There are 2 protein chains.
Amino acid sequence: MNHSSSAAGLAGVVAGETALSTVGKAGQGLTYRGYSIEDLAEYATFEEVAWLLLRGELPTSRQLTEYGQRLQSLRTLPAALTDILERLPAASHPMDVLRTGCSVLGCLEPEDDGRSGLEVADRLLAVFPSMLAYWHHFHTSGQRIETASDDISIAGHFLHLLHGSPASETHRRAMDVSLILYAEHEYNASTFAARVAASTLSDFYSAITAAIGTLRGPLHGGANEAAFDLIDRFESADAAERGVLDMLDRKVKIMGFGHRVYRTCDPRSVIIQRWARRLSVEAADTRLYTVSERIDAMMKREKNLFPNLDFYSASAYHFLGIPTRYFTPLFVFARTAGWAAHVLEQRANNRLIRPGADYIGPESKTFVPLHQR
Amino acid sequence: MNHSSSAAGLAGVVAGETALSTVGKAGQGLTYRGYSIEDLAEYATFEEVAWLLLRGELPTSRQLTEYGQRLQSLRTLPAALTDILERLPAASHPMDVLRTGCSVLGCLEPEDDGRSGLEVADRLLAVFPSMLAYWHHFHTSGQRIETASDDISIAGHFLHLLHGSPASETHRRAMDVSLILYAEHEYNASTFAARVAASTLSDFYSAITAAIGTLRGPLHGGANEAAFDLIDRFESADAAERGVLDMLDRKVKIMGFGHRVYRTCDPRSVIIQRWARRLSVEAADTRLYTVSERIDAMMKREKNLFPNLDFYSASAYHFLGIPTRYFTPLFVFARTAGWAAHVLEQRANNRLIRPGADYIGPESKTFVPLHQR
C-alpha cells in the first residue's frame with residue numbers, strides 16, 4: 001500500500017495498462033498504437049487515426065473510404081435531441097451542452113439496444129460537431145441548420161457548419177491535424193474518468209459523459225481557452241514581456257506550459273506551433289503569433305518551462321475563426337476517439353477501479369441526540 | 001512507482017485522503033465524520049446525515065428544521081427541465097434520466113452564476129426524487145405531477161410522489177434509514193469518478209454527472225437490482241437452495257455478496273436486514289424474505305461470503321413498492337450527499353488526479369502510406 005503523500009493525485013502511480021499510446025516514454029516520444037505522432041500529423045487524417053485507435057491497425061484505402069462515408073451518414077441529430085438543444089440556454093457553457101447532448105443520446109439510442117460500443121463510438125465522433133453547431137446557430141441567429149454536409153472530413157464538416165461556408169484547404173487541414181494531436185493521451189484525467197465509469201460495467205455514454213465533464217476543468221481541457229485569454233490580452237510582444245514578468249512576480253499561473261508527465265517538451269507542441277505560424281502568415285497577423293512566441297521564449301528563460309499542446313493550439317484555433325469558448329469542445333471532438341478506445345480496452349480486461357483512502361477525520365464520536373444539541 | 005500487477009483496479013492503493021468516512025478500518029467499523037453508522041441509522045434522519053456530511057458537524061435542532069424547509073423549497077423542477085424529461089423515451093434507463101437531468105440542470109442553473117457548490121449540492125439532494133417521479137408518471141400515465149409536497153423528509157416526499165399517497169411511518173422510516181446507509185462510502189468507484197472530475201476544477205454538476213454514470217454499472221450501484229432479480233426468481237427457500245447451488249456449480253456470480261474493502265462483514269447489511277424483516281412481517285410476506293435469508297446462509301456455508309448492503313436492500317425496496325429499475329436511482333438520492341461532500345473536500349486541497357499506465361502496446365512502427373496498404 002502506498003502512502004498518500006507519495007500518491008497525491010496518483011502522480012507516478014500506475015493505475016493500469018494500455019496498448020493505445022506512449023506518453024513521455026524515454027526514447028519513444030508519443031505514439032498511437034506504435035505510430036509516431038509526427039508521422040500521423042504529417043501523413044494521416046483524423047478519421048484514419050480514429051480507425052487506428054478504435055480498431056488497432058491502420059485502415060486500407062478502401063476501409064478508410066467506407067469509414068468516412070459511414071461517419072458522414074451518422075451526422076444527423078434525432079428530432080428529440082434538437083428539441084432539447086433548443087431548450088438549453090444560449091448562455092450555457094458549451095461543454096455542458098455536449099455533456100448533456102451525449103447523455104440525452106444515451107437515452108435515445110442506448111447501447112444495449114442491438115448497438116455495440118464501437119457503433120456508439122462512431123456515432124459520437126460523427127455527431128458532436130453537429131450538436132455544437134446546431135446549438136450555436138439556434139441560439140445566436142435562431143437558425144435550425146441542416147447538419148448533413150458534403151464535406152468528407154470531420155474537420156471540414158465542422159468548419160463548414162460553424163462558418164456557413166466551406167473552409168479553405170489550409171484551414172481544414174490545420175483543424176484536422178489539431179484533432180489528430182488531441183485524439184489520445186494515455187491516462188489523462190478525462191480518459192481515466194471514462195475508465196473508472198467503464199470499470200463498473202456501465203454503458204458507453206456514461207463513460208463519455210464522465211469524460212466530457214472531467215475535460216471541462218481549467219486544469220485539463222479548459223487550459224487552451226485560458227491560454228488564449230492570456231495571449232490575446234497583449235497588444236505586442238513587448239507588452240507581453242512586461243505583462244508576463246509582472247504575472248510571474250505575482251505568482252500567477254501561466255496557462256499552457258508544463259505537463260504532469262512530460263519533463264522536457266511536449267512533442268505535439270512543435271507540430272501545432274508550425275501550423276499556428278502558417279495560419280498567422282496567411283492571416284497577415286502581426287500580433288497574436290508574435291506575442292505567443294515571446295511568451296514561449298520568456299517561459300523557457302524565466303521558468304525553464306515548455307509550451308504544451310494547449311498553448312499554440314489557442315492561436316491556431318483563433319486563426320480558424322473559432323470562438324474561444326469552443327476550444328474545449330473541439331478537444332472533445334478529437335479525444336472521443338481516445339476515450340472510446342480506452343473504454344473498449346478497459347472492458348476487454350476489466351477490473352473495478354476502486355482505490356482506498358487515508359482516513360484523516362475524527363476519532364469515534366458519541367452521538368448526541370438532537371434535543372441535547 | 002507501483003507495478004500495475006499490484007495495482008489492478010487500484011485495489012489497496014491509497015488515492016488520497018478523506019475525513020468523511022471510515023470503511024473497514026479495524027476496530028472502527030463504518031463511521032461518517034466519526035459517528036457510527038449504527039447510531040446514525042438508529043437516531044438520525046437522512047437530512048441530518050446530509051448536513052453532517054456536507055457541513056462537518058451534526059446540526060442543532062433549529063438548523064435541522066431550517067435545512068428541512070430549505071430542501072423542501074428546492075423540490076420544484078424548472079419548466080425547461082420538465083419539457084426535456086418529457087422528451088426522454090419511456091424505455092430510457094432511469095439512471096440515464098437522472099444523469100441527463102443533472103447535466104441539464106447544470107445548463108439551467110450553473111454553479112458560477114452566484115451559486116456555490118454547497119447550494120448546488122442541496123438543490124440536487126432536493127430535486128432528484130422529483131425528477132425521477134415526474135419522468136415516471138409522465139411516461140406511465142401521461143400525468144404532469146406537481147413535485148412540491150408537504151412531506152418534510154426526502155424519503156416521505158419520494159414515496160408520496162411515486163405512489164400518489166403518503167407513505168406509512170414504517171415505510172417512510174425504512175426508506176430514510178436506507179438513504180442513511182447508502183449516503184457515503186469513502187473512495188468507491190462513483191465517488192472516485194466525482195473526485196477525478198472535480199480535480200480538474202470542473203463544475204459541480206460535471207462531477208455528479210460522472211458519478212451517476214459510474215454508479216449505473218452492475219459492479220457498483222446496479223448490484224441491488226441484480227440481487228433482487230436473483231431473489232425474486234425463487235418460489236421458496238428450498239427452491240432457492242437448489243437454484244443457487246446450481247448457479248455456484250456453474251460459476252455464476254451471485255450478486256449482493258462480498259466487498260472490495262470489507263473482509264468479514266458489511267456493517268450496513270445487519271441494519272437493512274432488520275428493516276427488510278420488519279417490512280416483510282408487515283406485508284405478511286412468506287416468500288421473499290425467507291428466500292433472502294436462505295441464500296444468505298448458503299453463501300456463508302458454501303463460499304464464506306457475507307451479504308453487502310445491496311442484498312437485503314433489494315427486499316426492503318420491494319416491500320416499499322419500488323419498481324426494481326428504480327433501486328439504483330434511490331442509491332443516487334442517497335449518495336449525492338457523499339459525492340457532494342467529496343467534491344467539496346477534493347476542492348479544499350486539490351491536486352489533479354492523473355495516474356500513469358504501463359505501456360503494453362507495439363514497439364515503434366514505420367508509417368505505411370495509405371496507397372501502399
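Helix 2 of chain B crosses helix 8 of chain B in a left-handed sense. That crossing is our starting point, in a model that is predicted.

**Stop 1: helix 2 and helix 8 of chain B**

Select residues 46-55 of chain B for helix 2, and residues 169-182 of chain B for helix 8. Their axes come within 9 Å of each other and cross at roughly 20°. Angles under 35 degrees count as roughly parallel, and therefore helix 2 of chain B and helix 8 of chain B are roughly parallel to each other.

Which residues make the contact between helix 2 and helix 8 of chain B? Show side chains for F46(B), E47(B) and V49(B) on helix 2 of chain B, then for D176(B), L179(B) and I180(B) on helix 8 of chain B.

**Stop 2: helix 5 and helix 6 of chain B**

Now move to residues 94-108 of chain B, which are helix 5, and residues 117-141 of chain B, which are helix 6. These helices pack at an angle of about 130°, and their axes are 10 Å apart. That angle makes helix 5 of chain B oblique to helix 6 of chain B. In which sense do helix 5 and helix 6 of chain B cross, left-handed or right-handed? Helix 5 of chain B passes helix 6 of chain B in a right-handed crossing.

To see the contact, select P94(B), V97(B), L98(B), G101(B), C102(B) and L105(B) on the helix 5 side of chain B. Facing them from helix 6 of chain B are R123(B), L124(B), V127(B), F128(B), M131(B), L132(B) and W135(B). By class, the contact of helix 5 with helix 6 of chain B holds 11 nonpolar residues, 1 polar and 1 charged.

**Stop 3: helix 13 and helix 15 of chain B**

Next, select residues 267-282 of chain B for helix 13 and residues 309-319 of chain B for helix 15. The axes lie 8 Å apart, with a packing angle of about 25°. Helix 13 of chain B and helix 15 of chain B are therefore roughly parallel to each other. Their crossing is left-handed.

The residues that helix 13 of chain B brings to this meeting are R268(B), S269(B), I272(B), Q273(B), A276(B), L279(B) and S280(B). Helix 15 of chain B answers with L309(B), Y312(B), S313(B), S315(B), A316(B) and F319(B). This contact of helix 13 with helix 15 of chain B divides into 7 nonpolar, 5 polar and 1 charged residues.

**Stop 4: the sheet of chain B**

Time for some strands. Chain B has an open sheet of 3 strands in the order 2-3-4, with antiparallel pairing. Strand 2 (21-25) and strand 4 (35-36) of chain B stand at the edges; each has a single partner strand, so one side of each is left without a neighbour in the sheet. Select residues 29-32 of chain B to find strand 3, which pairs with strand 4 of chain B over 2 bridges.

**Stop 5**

Switch to chain A. Here, too, an open sheet of 3 strands runs in the order 2-3-4, with antiparallel pairing. Its edge strands are strand 2 (21-25) and strand 4 (35-36) of chain A, each pairing on one side only.

How many bridges link strand 2 of chain A to strand 3 of chain A? There are 3, and the pairing is antiparallel. One place to look is K25(A), whose bridge partner in strand 3 of chain A is G29(A).

Continue to strand 3 of chain A, residues 29-32, joined to strand 4 of chain A by 2 bridges. Here T31(A) partners S36(A), and Y32(A) stands opposite Y35(A). Strand 3 and strand 4 of chain A form a hairpin with 2 residues between them. Click on R33(A) in the turn: this residue has a positive phi of about 50°.

**Last stop: the whole of chain A**

Zoom out until chain A fills the view. Chain A has 16 helices and 5 strands. Its C-alpha atoms fill a box of roughly 70 × 55 × 50 Å along the principal axes. A compact globule of 373 residues would have a radius of gyration near 21 Å, and the 22 Å of chain A agrees with that.

Methods
Residues are numbered from 1 along each chain as its sequence is written. Chains are lettered from A and ligands numbered from 1 in the order in which they are written. This is a predicted model: local features need pLDDT of at least 70, side-chain atom pairs count only at pLDDT 80 or more; totals for chains, interfaces and linings use all residues. Side-chain values use heavy atoms; hydrogens and water are left out. Axes are lines fitted to C-alpha atoms, for helices over the stretch in contact, and angles run from 0 to 180 degrees between N-to-C directions. Helices (H or I, at least four residues) and strands (E, at least two) are DSSP runs, numbered from the N terminus. Angles under 35 degrees count as roughly parallel, over 145 as roughly antiparallel, 65 to 115 as roughly perpendicular and the rest as oblique. A crossing is left-handed if the near helix is turned anticlockwise from the far one by less than a right angle, and right-handed if clockwise. Contact means heavy atoms within 4.5 Å. Two strands pair if DSSP finds at least two bridges between them. The radius of gyration is taken over C-alpha atoms; the globule rule is 2.2 Å times the number of residues to the power 0.38. Ala, Val, Leu, Ile, Met, Phe, Trp, Tyr, Cys and Pro count as nonpolar, Asp, Glu, Lys and Arg as charged, and the others, Gly among them, as polar.
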